[in-house]
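Hi,

Here is the structure I said I would pass on. Have a look at it first, and then read on for what I found in it.

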Amino acid sequence: MAVHVLGIRHHGPGSARNVRQYLEALQPDMVLVEGPPDADALLQWVGHKELQPPVAILCYQPDRLQQGVFYPFAAFSPEWQAIQYARERNIPVRFMDLPVAHVFALQNERAQRAALHAGNPDDAPPPLHMNNSAVAEETDDTGAMPVFAHDPISHLAAAAGFSDGEKWWEHMFEYRQDTGGIFDAVAEAMSALRDELPKMSRMEKLREAWMRKTIRQAEKELYTTLAVVCGAWHAPALQHMPKQKDDNELLKGLPKVKVECTWIPWTYNRLSFTSGYGAGIFSPGWYAHTWQYPHDDGTRWMARVAGLLRTKQMDTSVAHVIDAVRMAGSLAALRGYSKAGLEELNEATLSVLCNGEDVLLQLIHDALIVSDTIGDVPGEVPKPPLQHDIEKTQKSLRLPATAEMKEYTLDLRKENDLERSVFLHRLQLLDINWGQNHATGGKGTFKELWRLQWEPEYSITIIEKGSWGNTVAEAATKYVNSEAEKAQHLAIVCQLLAKALPAELPVAVEKLVQCIQNLAASNGDVVQLMEAVPGLVSVIRYGNVRNTDAAMVTGITESMITRICVGLPVACTAIDDAAAQKILELLYQTDDAVRLLQHADISVQWQQSLQVIAHHTGAAPVLKGYATRLLADAQVLQGRQLVQLFYYGMSRSNPPSMSAAWLEGFLKGNGAFLLLDPQLWQVVTTWVSELEEGPFEEVLPLLRRTFARFTPPERRKLGEKVKHSSTGAPLPAVADAAIDMERAQCAIPVVLQLLGIQQTSHE
Amino acid sequence: MSDILRQHAEQLFAQELEELKQQDSGHRPQNWVLAPQSVVTYLMGGTLPNGFEVSPKYIGNKRLMEIAVATLTTDRALLLYGLPGTAKSWVSEHLAAAISGDSTLIVQGTAGTSEEAVRYGWNYARLLAEGPTRQALVETPVMRAMQLGKIARIEELTRIGADVQDSLITILSEKSLPVPELNTAIQAVRGFNIIATANNRDKGVNELSSALKRRFNTVVLPVPDNTEEEIDIVRRRVESFEKVMQLPAEPPAAQEIRRIVTIFRELRNGVTADGKTKIKIPSGTLSTAEAISVVNNGLSMAAYFGDGRITASDLAAGIIGAVIKDPVQDKLVWQEYVETVIKTREDWKDIYRACRELE
């Protein structure tokens with residue numbers, strides 16, 4: 001029997017072409033491919049017309065989801081081509097790498113050892129987290145392609161006078177048109193390298209042993225011509241078989257865990273180095289181009305570049321393209337290459353099409369060189385039910401998952417848009433942040449702006465959250481319920497509620513309201529209550545557009561505000577500065593919320609509570625000042641009462657720091673208040689002008705401190721106002737009697753027009 | 001040594017060019033003195049197969065020089081673009097010297113450059129006496145380059161008025177220069193091309209028309225990437241200046257050059273070398289070329305007025321002159337820099353004192 005080993009580079013279009021040609025000439029009766037044998041069953045899907053690369057095989061440990069590994073394939077991956085060839089000819093194809101089941105088990109063992117070593121096995125962090133860098137680590141370790149990550153090829157490249165291994169490989173093997181004997185050359189080069197760099201990890205030895213084992217197995221099954229597609233680095237190890245006994249020895253007693261696999265869509269962006277995927281490639285878009293058009297001398301590429309630039313309103317003529325192609329050609333000739341590569345084309349683009357400005361090159365990089373292609377996986381592929389449900393909903397709502405960012409402005413008055421919004425909100429609750437909700441401009445609360453961008457990692461989150469339920473609604477409800485039960489802090493539950501209301505999860509909302517009630521009743525901490533109220537109020541006020549029943553929220557909010565009003569005065573006494581500042585901010589928000597609610601009873605309660613604070617001797621001065629100000633704003637405190645409180649607050653008997661804090665609270669916000677509110681203005685100016693010289697010098701630093709917070713233009717205006725009214729004349733008081741009713745009538749239509757109120761309704 | 005103040009590149013580096021020509025193995029475009037690869041070697045420096053050392057003329061990214069040379073092999077002209085003092089004219093001179101063996105076919109662009117300076121002029125005495133004849137025609141460097149198949153250089157292209165600039169369009173696209181008075185046209189010989197330079201600061205003064213822009217490939221020459229590269233440039237140029245000027249002064253210590261380069265880089269980037277302190281940026285460009293001239297200036301001061309050893313006070317005047325281009329604003333920037341950055345550096349006391357003395 002003949003074994004033909006085809007050493008390739010993963011995701012190399014040239015390698016892919018060579019593999020295809022070689023296989024077609026060889027006509028093997030079985031193909032072995034480097035990849036996880038756990039996923040052998042998935043290979044039958046290759047050739048299905050809806051399975052469109054880029055796709056990846058995801059292997060995960062169902063009881064330990066942080067363990068996961070991706071094996072991505074693009075159309076220009078040699079492995080993909082080999083598998084496709086086998087499927088077309090109906091000959092068996094198998095993966096031959098060390099099964100992921102063993103890899104995970106080995107990793108778990110190692111992590112446990114490390115944890116034991118550290119002394120506390122419980123607190124040890126899980127070995128891997130589901131983020132980009134972990135994916136990179138994974139692939140490094142389990143070895144989808146360790147060769148190029150550690151890059152022994154750079155030694156060969158350096159010997160040939162190239163600056164990096166990638167480039168050397170590209171010019172030696174990927175751009176080559178004449179492919180005779182290329183696999184022998186690769187194997188020879190690699191065996192020379194392996195002789196020089198003999199260091200191999202245990203994992204790598206195991207992997208190669210398993211590959212040999214798979215080859216022997218195929219031999220036993222009496223296949224006659226065997227094609228083996230593997231990373232170039234492994235080629236020599238598979239050509240020169242050691243004794244079977246040694247391999248079996250090595251592979252004996254490997255630990256094992258349960259592993260599941262599925263196809264998931266992948267993106268070119270995720271294939272590129274830039275997204276932190278250690279074994280990726282720089283330019284998937286370019287590779288796809290060279291795969292599709294192997295004989296393109298740059299003309300077609302430049303035409304695409306020009307097309308892109310034209311869409312961005314850059315004048316790009318055919319003459320530009322001609323010159324750019326020529327330029328790339330002569331650069332390649334200058335460097336002694338037979339064909340212009342991506343670098344030459346980029347440099348030509350920069351100097352011919354972009355006039356030397358590399359901003360545009362970035363655009364070309366994102367749109368063409370990497371490109372935002374996303375793969376497709378047929379619906380019938382066995383996958384977790386939640387994933388299935390999400391895909392179904394995506395289809396019915398016409399919200400396709402794309403790799404590029406897409407914007408949707410949803411009008412919640414339309415049924416389909418409302419459903420979309422609900423769906424996206426539910427996904428957000430499940431931590432699948434596919435859509436990002438952004439603030440919309442314009443009037444009305446019925447609009448939502450969403451930006452959608454699908455990341456392959458979501459597949460993991462979907463599998464993880466799949467344990468909560470088989471549909472999005474069910475999973476979201478159960479997940480929220482469990483989160484609510486876990487939550488100890490009122491603010492967390494309120495946040496959940498704010499998210500759950502637009503997601504239309506009535507069961508979850510009921511549960512949350514109940515949780516809030518329990519927490520609020522048992523909670524003596526006014527601060528927590530105050531943190532929660534503003535969110536709830538905005539739910540009540542703005543929740544109605546979505547037909548959600550906000551009534552149940554209203555009840556608890558009102559009872560919470562009542563509790564706040566009772567507890568607040570005490571909470572404001574005997575506290576330090578930091579705590580006072582925190583409550584100050586909450587006072588502001590709560591006052592806002594109360595005014596938003598427009599509920600007479602509540603407002604009265606609130607103002608009474610503020611009165612208590614303003615008059616309380618033990619309350620923090622900054623809060624007293626602010627309470628006074630809020631009351632003045634609400635027209636509750638006026639005239640003599642206000643002046644009296646002000647003088648108390650600023651009286652000389654207080655220590656200066658107290659007066660300063662009081663004034664800071666009183667003048668919180670920006671200087672415009674002082675400029676526009678005649679009452680405030682009068683109180684402050686009168687007080688200042690009545691001060692005698694000695695006391696004035698004492699309080700001056702305090703005043704400066706407060707006024708320094710205003711912006712320079714505000715301060716300038718304040719100064720101008722003082723100068724203006726410093727003639728000693730009292731401020732012109734707004735006297736009702738001075739209004740000429742007739743003339744005032746004339747102004748009303750103009751004011752109405754300015755406010756945008758239709759006047760016709762009155763007539 | 002000849003008594004020419006500054007020799008042309010092809011004279012100064014005649015030996016290097018000769019050696020390169022001997023060793024040249026690549027394909028040589030028609031009328032080129034060297035093969036494109038050798039031109040790049042001439043610019044970037046290197047060792048020839050026979051062990052001859054070629055000195056680097058441009059220190060920086062080799063790819064830029066490759067693009068520049070490759071451009072000249074196509075039928076597009078080359079536009080070198082960058083801040084003042086980023087070696088645009090220097091590169092253009094050496095490119096012309098290496099490609100045509102002649103860097104003297106040059107038109108200096110100014111606001112007053114007329115069409116006669118770009119295309120051709122008339123010898124009016126002959127024109128009146130003989131009428132329009134070939135003998136009465138006054139050739140410009142561009143016209144001569146066309147006839148000889150050489151590189152013509154146009155300095156500061158964007159300073160030339162737009163109407164005059166556009167007279168280059170026919171020359172560049174049809175490679176011919178019509179002379180309607182004689183009912184003839186000069187057709188360019190192979191090897192002809194144009195290298196123009198323009199600087200960023202003049203952007204928008206006389207922006208190239210899009211028709212003309214299309215005839216040029218643009219190569220942007222950047223300011224040096226890092227301090228070491230800049231120090232290397234300054235050191236090399238100062239050494240060659242010493243040779244030309246026959247200065248008796250000692251070569252400046254590397255640390256003096258480092259200090260000047262540091263000052264210039266910090267002011268140019270608006271942040272100190274350690275990246276911790278923000279500083280204001282003066283209005284001048286503070287290019288590498290200016291750093292070179294400051295060192296040269298200091299060398300002359302030391303040689304003729306000092307003891308031959310370059311000191312901080314020899315350099316201070318030059319630095320201040322280079323930084324303060326606007327007497328009001330830049331002065332403030334500089335004072336702030338002296339007080340907040342130079343003063344705090346322990347081993348910069350001498351420079352601080354020297355700067356204070358000059359104020």
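This is a predicted model: local features need pLDDT of at least 70, side-chain atom pairs count only at pLDDT 80 or more; totals for chains, interfaces and linings use all residues.

Is Glu174(A) buried or exposed? With 21 other C-beta atoms within 10 Å, Glu174(A) is buried, because 20 or more is the cut-off for that. Setting aside neighbours within four places in sequence, Glu174(A) is in contact with Gly12(A), Pro13(A), Gly14(A), Ser15(A) and Trp169(A). Glu174(A) and Ile8(A) are also worth a look: they sit 166 residues apart in sequence, while their C-alpha atoms are 10.0 Å apart in space.

A few backbone details in chain A, if you like that sort of thing:

- The peptide bond from Pro53(A) to Pro54(A) is cis, with omega near 5°. Pro54(A) is in the loop between β2 and β3 (55-61) of chain A.
- Gln313(A) is not a glycine but has a positive phi of about 60°. Its place is the loop between α14 (299-311) and α15 of chain A, and Gln313(A) is exposed, with 6 other C-beta atoms within 10 Å.
- Gln598(A) is not a glycine either, and has a positive phi of about 50°. Look for Gln598(A) in the loop between α26 (577-597) and α27 (600-615) of chain A; with 9 C-beta neighbours inside 10 Å, Gln598(A) counts as exposed.

One more glutamine while you are in chain A: Gln638(A) is in the loop between α28 (621-633) and α29 (639-649) of chain A. Gln638(A) has 12 C-beta neighbours inside 10 Å and counts as exposed, since the exposed class takes in 12 or fewer. In sequence Gln638(A) and Gln679(A) are 41 residues apart, and in space 8.2 Å, C-alpha to C-alpha.

Now the cores. In soluble globular proteins, nonpolar side chains tend to be buried together. The largest nonpolar core here has 249 residues, and those with the most contacts inside it are Ala500(A) and Leu623(A). Not counting residues up to four places away in sequence, Ala500(A) touches Leu429(A), Val480(A), Leu505(A), Ala508(A), Val509(A) and Leu512(A). A second, separate core has 32 residues, among them Val295(B), Leu315(B), Val333(B) and Tyr337(B).

That brings us to chain B, which has 17 helices and 11 strands. Of its 359 residues, 42% are buried. Among the contacts in chain B with a separation of 6 or more, 70% are between residues 24 or more positions apart. The mean pLDDT of chain B is 87, with 96% of its residues at 70 or more. Where is confidence in chain B lowest, and where highest? The lowest mean, 79, belongs to helix α12 (residues 227-245) of chain B, and the highest, 95, to strand β7 (residues 151-155) of chain B.

Last, how the chains meet. In the interface, 15 residues of chain A are in contact with 19 residues of chain B. On the chain A side, the elements giving two or more residues are α15 (318-334) and α16 (342-353) of chain A. The largest share, 8 residues, comes from α15(A). By class, that side of chain A has 5 nonpolar, 5 polar and 5 charged residues. For the complex, the predictor gives an ipTM of 0.78 and a pTM of 0.67.

Cheers

Conventions:
Residues are numbered from 1 along each chain as its sequence is written. Chains are lettered from A and ligands numbered from 1 in the order in which they are written. Two residues are in contact if their C-beta atoms, placed from the backbone, lie within 7 Å. Helices (H or I, at least four residues) and strands (E, at least two) are DSSP runs, numbered from the N terminus. Ala, Val, Leu, Ile, Met, Phe, Trp, Tyr, Cys and Pro count as nonpolar, Asp, Glu, Lys and Arg as charged, and the others, Gly among them, as polar. pLDDT is the predictor's confidence in each residue, from 0 to 100. A nonpolar core is a set of buried Ala, Val, Leu, Ile, Met, Phe, Trp, Tyr and Cys residues joined through C-beta atoms within 7 Å.
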